[in-house]
Amino acid sequence: MNTWRPASMIRVKALGLHWRNGRLLASEVYDDAGKLKGVRPLGGSVEFGEPAHVAVLREFKEELGLDVVIRGQPLVMENLYAHEGSAGHEVLFIFEVTFPAGAFDGQERVEFYEDSGAACVAHWYDLNDLDRDDGPELFPAGLKALLINPSCQQP
């Protein structure tokens, strides 16, 4: 049973977008009952005094054991959300990242652990299969629209 709740403060996060054959690597997000609620790109919190680009590199090294390469400037978005009735507020720096040649070739599923020790699973998802009635949501809300049409901006 997962009892994670958002922090009651603004959090700064650094996420990485890794694509393989047009599909996005994203980690599963579950509700307290164990039902798949959605998926989210990998990454984590930016530590005090740490630039966001360093945080995303550190997170991929910690979670997957990989030295990734950042491509280009980050997309920045604000995420106000609710999880199990608790409000969350994040500012996200979202980077395109590439993996070393051969990393996870032939694997559709990647297992890893969060700093807390929680086991996680990530898959590569086609954007067309996300944010549909019969499929998981892509978190943060609004990310899919920005990825499909980068000229879209949050209000």
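In which sense do β8 and β9 pair, and over how many bridges? The two strands pair in the antiparallel sense, over five bridges. The structure is a predicted model, in which local features need pLDDT of at least 70 and side-chain atom pairs count only at pLDDT 80 or more, while totals for chains, interfaces and linings use all residues. Residues are numbered from 1 along each chain as its sequence is written, and side-chain values use heavy atoms, with hydrogens and water left out.

**View 1. The hairpin of β8 and β9.** Five residues lie between β8 and β9 in this hairpin; strands (E, at least two residues) and helices (H or I, at least four) are DSSP runs numbered from the N terminus, and two strands pair if DSSP finds at least two bridges between them. Gly117, in the turn, has a positive phi of about 95°. Arg109 stands opposite His123 in β9. Val110 and Phe112 make up the covered face of β8, whereas Arg109, Glu111 and Tyr113 make up the uncovered one. In a regular strand the side chains alternate between the two faces of the sheet.

**View 2. The largest nonpolar core.** A nonpolar core is a set of buried Ala, Val, Leu, Ile, Met, Phe, Trp, Tyr and Cys residues joined through side-chain atoms within 4.5 Å; buried means under 20% relative accessible area, exposed over 50%, and partly exposed in between (1.4 Å probe, protein chains only). The largest such core has 21 residues, and those with the most contacts inside it include Leu25, Phe60 and Phe104. At least two residues each come from α1 (52-64), β7 (86-98), β8 (109-113) and β9 (119-125). The largest share, five residues, is that of α1. A second, separate core of 15 residues includes Leu17, Ala26, Met77 and Leu138.

**View 3. Asp31 in its loop.** Asp31 lies in the loop between β3 (23-30) and β4 (36-40). Asp31 is buried yet has no salt bridge, defined as a side-chain nitrogen of Lys or Arg within 4 Å of a carboxyl oxygen of Asp or Glu. The nearest side chain of opposite charge, Lys35, is 5.8 Å away. The side chain of Asp31 does reach the backbone nitrogen of Lys35, at 2.8 Å.

**View 4. Pro74 in strand β6.** Pro74 belongs to β6 (residues 69-83) and counts as partly exposed because its relative accessibility is 25%. Leaving aside neighbours within four places in sequence, Pro74 is in contact with Phe93, Ile94 and Phe95, contact meaning heavy atoms within 4.5 Å.

Conventions. Lys and Arg count as positive and Asp and Glu as negative; His and the chain ends are not counted. A polar contact is a pair of N or O atoms within 3.5 Å; within protein, one must be able to donate a hydrogen and the other to accept it, and residues adjacent in sequence count only if both atoms are side-chain atoms.
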